[in-house]
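Here is a short briefing for a first look at this structure. Keep the sequence and the 3D view open as you read.

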Amino acid sequence: MVGKVTVTVPTDTPGDDVVDVVSTLIRFDTTNTGDLSTTKGEADCAHWIARQLEEVGYQVEYLESGAPGRGNVFARLRGADSSRGALMIHGHLDVVPAEAADWSVHPFSGAVADGYVWGRGAVDMKDMVGMMIVVARQFRRAGVVPPRDLVFAFLADEENGGRYGSQWLVDNRPDLFDGVTEAVGEVGGYSLTVPRRDGGERRLYLVETAEKGLHWMRLTARGRAGHGSMTHDHNAVTWVAEAVARLGRHRFPLVLTDSVAQFLAAVGEETGYTFDTDSPDLEGAIDKLGPIARVVKATLRDTANPTMLKAGYKANVVPASAEAVVDCRILPGRQAAFEAEVDELIGPEVSREWITALPSYETSFDGDLIDVMNSALLAVDPDARIVPYMLSGGTDAKAFARLGIRCFGFTPLRLPPDLDFTALFHGVDERVPVDALRFGTEVLAHFLTHC
C-alpha cells in the first residue's frame with residue numbers, strides 16, 4: 001500500500017508526469033480474486049486518486065458500492081456547451097492476481113526499467129487511469145474548458161463483472177451519468193504495425209467498437225450415489241465429463257460481424273492479404289498478423305471453454321451430483337442460436353444456468369467522436385490509421401450500454417512493432433512502454449480538448 005503522495009503535473013507538458021503516476025498506481029495492490037473474503041479492495045487507491053483531483057479543484061464523489069472497500073471515484077469538468085451530451089472517460093482500479101515468484105520484478109513494485117513501467121495493471125488498466133489523472137489535473141491547472149462536459153470515472157470490480165463497480169453504479173446511482181451520451185475506456189486505441197504491400201510498414205490504431213458477451217455457465221448433473229465398485233448407469237460425473245468434452249471440442253459457426261469485417265478489410269487494404277470468409281484457411285490468413293491473431297480469431301466464432309470441475313468426496317463413492325463451469329463468449333446477435341446449440345451438445349442429463357450474463361455490445365464505426373479520435377492520433381502520429389475491431393473479452397462498457405451510452409475502447413498507445421501486447425493482459429511481467437504512456441497522454445489531451 002502507498003501512503004499519501006503529492007503529484008505535480010506541469011501545465012504545458014501533461015505527459016511528463018504520467019510515468020510516476022502509473023508507477024504509483026501499480027504500487028497499490030488492488031487484487032480482485034472474485035471472492036470478497038480475499039479481495040483487497042480498491043479503497044486506498046480510490047482515495048489517493050480523489051486527493052489528486054481535489055488538490056486541483058475538482059468536486060469529487062467517492063462511493064463504496066455494496067461492499068466495504070470497493071471504492072469508486074467520479075469527477076466532472078464542465079464544458080463550454082452544456083446543451084451537448086457529456087463524454088465519460090472511465091478506467092477500472094482492480095487487477096487480477098499475480099504470483100510474485102513467476103515475475104522478473106515484484107508485480108506491485110511499479111518498477112521503471114528498460115523503457116517500461118512494470119507491474120500488475122500496467123496495461124489492464126492503470127496505464128489509462130494514470131493518463132486520465134494527469135490530463136484531468138492538467139486541464140484544471142491550465143483553466144482548460146473542454147467543448148462539452150467530461151466525466152472522469154474510476155471504477156471498482158471490472159475484473160469480476162462490475163458487480164461492485166459499473167453494474168452497481170448503473171443500477172443504484174444513474175444520476176452520476178446524467179447527460180452522458182458517449183464513453184471511452186480500455187482495450188482500444190493501441191497500435192498494430194502491419195507490413196504494407198509496397199514493402200513499408202503502417203501503424204493501425206485499433207478502436208474497440210464491439211465486444212463479445214461474457215457468460216459464465218454452470219453445468220449440473222444429478223445421478224444416483226453409490227459404491228464405486230458396482231455398475232452405475234446414472235453417473236453424474238460421467239454425464240458432466242461428457243458434456244464438458246463435447247463443448248470443449250465443439251467449433252461454433254463462423255459469423256462475420258460488421259466490426260470484424262471492417263477490420264479485415266482495412267488490414268487487407270494495407271497489407272494486400274486476402275481474408276476470404278469462404279476460404280477454409282481464413283484463420284491461417286489471419287495468423288499472418290502475428291500475436292493479435294489470437295484476439296481476431298476469437299471474434300469469428302462463439303467460444304465455450306470449460307474452466308472448472310467439481311465432483312465427489314471419496315475415491316470409492318459415486319457422487320449424486322457433479323458440476324462444471326464453462327466460460328462462454330458470445331458474438332453480437334448470437335445469444336439464442338448459441339443457447340440452442342449448447343443445449344443440444346450437453347444432452348438431457350445435464351442442466352445449465354448462467355452464473356454471470358453480460359451481453360455483447362456493438363456500435364458503428366462512424367460519427368464525430370471517431371473523427372476526433374482520428375485527428376488526435378494524426379496530430380501526434382502522422383502515419384496513424386484508425387480501424388474498428390471487436391474485443392474477445394469484456395469491459396465496463398457492458399454496464400454503460402444499458403443506459404444507452406455509446407461506448408468505445410480508446411486507450412491510445414503507440415507500441416513497439418515487436419511487442420506481443422495482447423499477451424500482457426493478465427500475463428506474467430505485464431508492462432507498458434514509457435514512450436507509449438507519454439504518447440497516449442498527449443493524444444488523450446488533444447482528444448478531450450476537441451471532443
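Contact here means heavy atoms within 4.5 Å. By that rule, and leaving aside neighbours within four places in sequence, Phe154 is in contact with Ile49, Leu53, Gly71, Asn72, Val73, Gly91, Leu93, Val129, Met132 and Ile133. This is a predicted model: local features need pLDDT of at least 70, side-chain atom pairs count only at pLDDT 80 or more, and totals for chains, interfaces and linings use all residues. Residues are numbered from 1 along each chain as its sequence is written, and side-chain values use heavy atoms, with hydrogens and water left out.

- Helices (H or I, at least four residues) and strands (E, at least two) are DSSP runs, numbered from the N terminus.
- Buried means under 20% relative accessible area, exposed over 50%, and partly exposed in between (1.4 Å probe, protein chains only).
- Strand E2 covers residues 71-77, and six of its seven residues are buried, so the strand is largely enclosed by the rest of the structure.
- Two strands pair if DSSP finds at least two bridges between them.
- Strand E1 (residues 60-64) pairs with E2 in the antiparallel sense, over five bridges.
- E1 and E2 form a hairpin with six residues between them. In the turn, Gly66 has a positive phi of about 85°.
- Strand E6 (residues 150-155) is also joined to E2 by five bridges, and the two run antiparallel.

**Val73, a residue of E2**

- Val73 is found in strand E2. Its relative accessibility is 0%, so Val73 counts as buried.
- Which residues are its bridge partners? Tyr62 is paired with Val73 of E2, and Phe154 of E6 is the bridge partner of Val73.
- Not counting residues up to four places away in sequence, Val73 touches Ala46, Ala50, Leu53, Val60, Glu61, Tyr62, Phe152, Ala153 and Phe154.
- Val73 and Cys45 are 28 residues apart along the chain, and their C-alpha atoms are separated by 9.9 Å.

**Helix H2**

- Helix H2 (residues 43-55) has 13 residues, which at 1.5 Å a residue should span 18 Å; its end C-alpha atoms are 18 Å apart, which agrees. The expected span is 1.5 Å times one less than the number of residues.
- Buried residues in H2 are Ala43, Cys45, Ala46, Trp48, Ile49, Ala50, Gln52 and Leu53.
- These buried residues pack against helix H1 (18-27), E1, E2, helix H3 (126-142) and E6.

**Nonpolar cores**

- A nonpolar core is a set of buried Ala, Val, Leu, Ile, Met, Phe, Trp, Tyr and Cys residues joined through side-chain atoms within 4.5 Å.
- The largest such core has 96 residues. Ile49, Phe152, Phe154, Phe263, Phe447 and Leu448 touch the most other members.
- This core draws at least three residues from each of domain 1 (18-194 + 361-449) and domain 2 (213-358). The domain bounds come from an automatic or database domain assignment.
- A second, separate core of 21 residues includes Trp239, Ala322, Ile346 and Val350.

**A three-strand sheet**

- An open sheet has the strand order E4-E5-E19, with antiparallel pairing.
- Strand E4 (112-113) and strand E19 (431-433) are the edge strands, each pairing on one side only.
- Strand E5 (residues 116-118) is joined to E19 by three bridges. Tyr116 stands opposite Pro433 in E19.
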